[in-house]
Amino acid sequence: MTNNIRLGPDANANQILRVLQAENPTGDIICDAPIAPGVLFSFAPDATLTGSLLEAPDAVLSFRIESLKDSPWLALHVSLGGFDLDGFGVIGFICKSDAPSAVAMKTCIRSGTEAGFVDCFFDKQLVSYAQTSTHLDAMDVEGRKNLPAQAPWRDFVLFLPPDRPIEATLRDLRFFIV
């Protein structure tokens, strides 16, 4: 996984995911601590989370959240890098996942701005089931108020339910910009 010879604005994120899968991290989940270069979980700084990354050599990432206290959000962030969307019409992702109990997750592109950041949510929720399922979502670049054409950095953010235990495995996750 040392070579990154792919071209295009989605190359950075897809390389990060290949490295994540190759590293197959395990251990406790800690707020804002990278689990691999460009990938981290976030939740309210004063919250307490009990959760871990699970061994899954055939997957991008597997995790279990046993409890989260005092946080209105729980999110997985994947760095997309800083890229210009001028000349592109669609940004999207495809995800294969499964979970012992069904779990619905909201997804967005977070773009850095001078004032901080802005989130642009995909229209559909990603739902993981007991059987591996595939989710595809995309958004038109043009006409999205919260998706600036230029941004110094962008993240893909997967928002998990913060109010219940969760276990999920992301079997495959890839981004595309066309």
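Strands are taken as DSSP E runs of at least two residues, and helices as H or I runs of at least four residues, both numbered from the N terminus. Two strands are treated as paired if DSSP finds at least two bridges between them. The structure is a predicted model, in which local features need pLDDT of at least 70 and side-chain atom pairs count only at pLDDT 80 or more, while totals for chains, interfaces and linings use all residues. Residues are numbered from 1 along each chain as its sequence is written, and side-chain values use heavy atoms, with hydrogens and water left out.

Under these criteria, six strands form an open sheet with antiparallel pairing in the order 1-3-4-12-6-10. In general, strands of a sheet pair through backbone hydrogen bonds, either parallel or antiparallel. Strand 10 runs antiparallel to strand 6 (residues 90-98), and eight bridges join the two. Within this pairing, Leu136 of strand 10 is the bridge partner of Ile94.

Helix 1 (residues 11-23) lies across strand 4 (61-69) and strand 12 (166-177) and runs at about 145 degrees to strand 12. Contact here means heavy atoms within 4.5 Å; axes are lines fitted to C-alpha atoms, for helices over the stretch in contact, with angles from 0 to 180 degrees between N-to-C directions.

Six salt bridges are present in the structure, each defined as a side-chain nitrogen of Lys or Arg within 4 Å of a carboxyl oxygen of Asp or Glu. One of them joins the side chains of Arg171 and Asp58 (3.3 Å, N to O). Because Arg171 belongs to strand 12 and Asp58 to the loop between strand 3 (48-53) and strand 4, this pair ties together parts that are 113 residues apart in sequence. Arg171 also forms a salt bridge with Asp98, with the closest N and O atoms 2.7 Å apart. Asp98 lies in strand 6, so its pairing with Arg171 in strand 12 ties together parts 73 residues apart in sequence. Through shared partners, Asp58, Asp98 and Arg171 are joined into one network of salt bridges.
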